[in-house]
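I opened the model to look up a few local features. My entries follow.

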Amino acid sequence: MDNSPNPTQRPSFLEEQNSVSVVNSRMGNDVSPRMRRVMSAVVKHLHELTIEVEPTHDEWKQAIEFLTEVGHTCTDWRQEFILLSDVLGVSMLVETINSRRPSGATENTVLGPFYVPEAPRYPNGSNICLDGKGGPLVVRGRVTDLDGKPIPGALVDVWQTNDDGFYDVQQKGVQPDWNLRGVFTAEEDGSYWYRSTKPRFYPIPDDGPVGKLLEKLGRHPNRAAHIHFIVSAPGYDPVITHIFTDDCQYLYEDAVFGVRESLIANFKTISDAAEEAEVGLAGVDFARPYHFVETDFVLTKRADIDL
Ligand SMILES: [Fe+2]
């Protein structure tokens, strides 16, 4: 008597034509629906990629070695996988998918690796540039809701590079601690303002495998010049965002694809008292000329987003 399984009931062996279904059909019955969906898609796209590019053994080995090097480059203070996700545009895509906001609300962008919580709280008008480098800058604006109503007490948490293109945490002992970081509080009319220095572009860490990849791809590692903000208020969805200087040479080729049209800010130059009066600046205490940018933040209530 023939005891071999009926060929029509046997699972299939992996072939080029059926590889996705063979692998995905191995999943057990108790796999959560989300896990099933995610891993089915991972397998599907990985197999499609493999079939499309037909890697040689050497190329596949190189791919494995690259990912191994990315892992080995990670330390407590450096996350090369996040960098890889950033330069491939995936971080920004995840950011975009998870932050669909109503029209008129301030758009978000990537947090980046240099945020430090608990920055000093300052009164409006304070100067957060502690190393005195770069072109003086005044930042001013209002925090409102979608109807334009001020949100007094909203916190405006800011951080940026110095004029050498480094954050304070990258230059411990070189820059003063908390250089170019601070938290400001919106006044009764929603307004805030502070003094700083005009940010400049800077390269993402490019001395690891991701930097080598960028070089092979003919890409530079520079981020367009920007200032980071987290704006928050009780009852509102906090927004993590940047503003970008409108004159940066890398505005249209930010290494991590973080620029959005609505986040490009008009940095003016204030050259004389008449220009100062025209925009209503007083008590600036900077020698002219200096830079000036006005940027408002529009927050949404959680309910506005879930609608
Ligand atoms: Fe940054």
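I take helices (H or I, at least four residues) and strands (E, at least two) as DSSP runs, numbered from the N terminus. The model is predicted, so I used local features only at pLDDT of at least 70 and side-chain atom pairs only at pLDDT 80 or more, while totals for chains, interfaces and linings use all residues. Residues are numbered from 1 along each chain as its sequence is written, and side-chain values use heavy atoms, with hydrogens and water left out.

Entry, helix 4. I looked at what follows helix 4 and found Gly 89 with a positive phi of about 80°. At the N-terminal end, Gln 79 is the cap, with a side-chain oxygen 2.9 Å from the backbone nitrogen of Phe 81. Helix 4 spans residues 80-87, and its buried residues (under 20% relative accessible area, 1.4 Å probe, protein chains only) are Glu 80, Leu 83, Leu 84, Asp 86 and Val 87. They sit on the same side of helix 4 because they cover an arc of only 160° around the axis, taken from the directions from the helix axis to the C-beta atoms.

Entry, iron site. Which residues donate to the iron ion? I found Tyr 167 (OH), Tyr 202 (OH), His 226 (NE2) and His 228 (NE2), at 1.9 to 2.1 Å; donors are N, O and S atoms within 2.8 Å of the metal (3.2 Å for Na, K and Ca), and water is not among the atoms, so sites may look incomplete. I noted their spacing in sequence as Y-x34-Y-x23-H-x1-H. Tyr 202 in strand 5 and His 228 in strand 7 are 26 residues apart and link distant parts of the chain. Tyr 202 is buried at 3% relative accessible area, and His 228 is buried at 2%.

Notes. Buried < 20%, exposed > 50% of the residue type's maximum accessible area, 1.4 Å probe, protein only. Polar contact = N/O pair within 3.5 Å; in protein donor to acceptor, adjacent residues only side chain to side chain.
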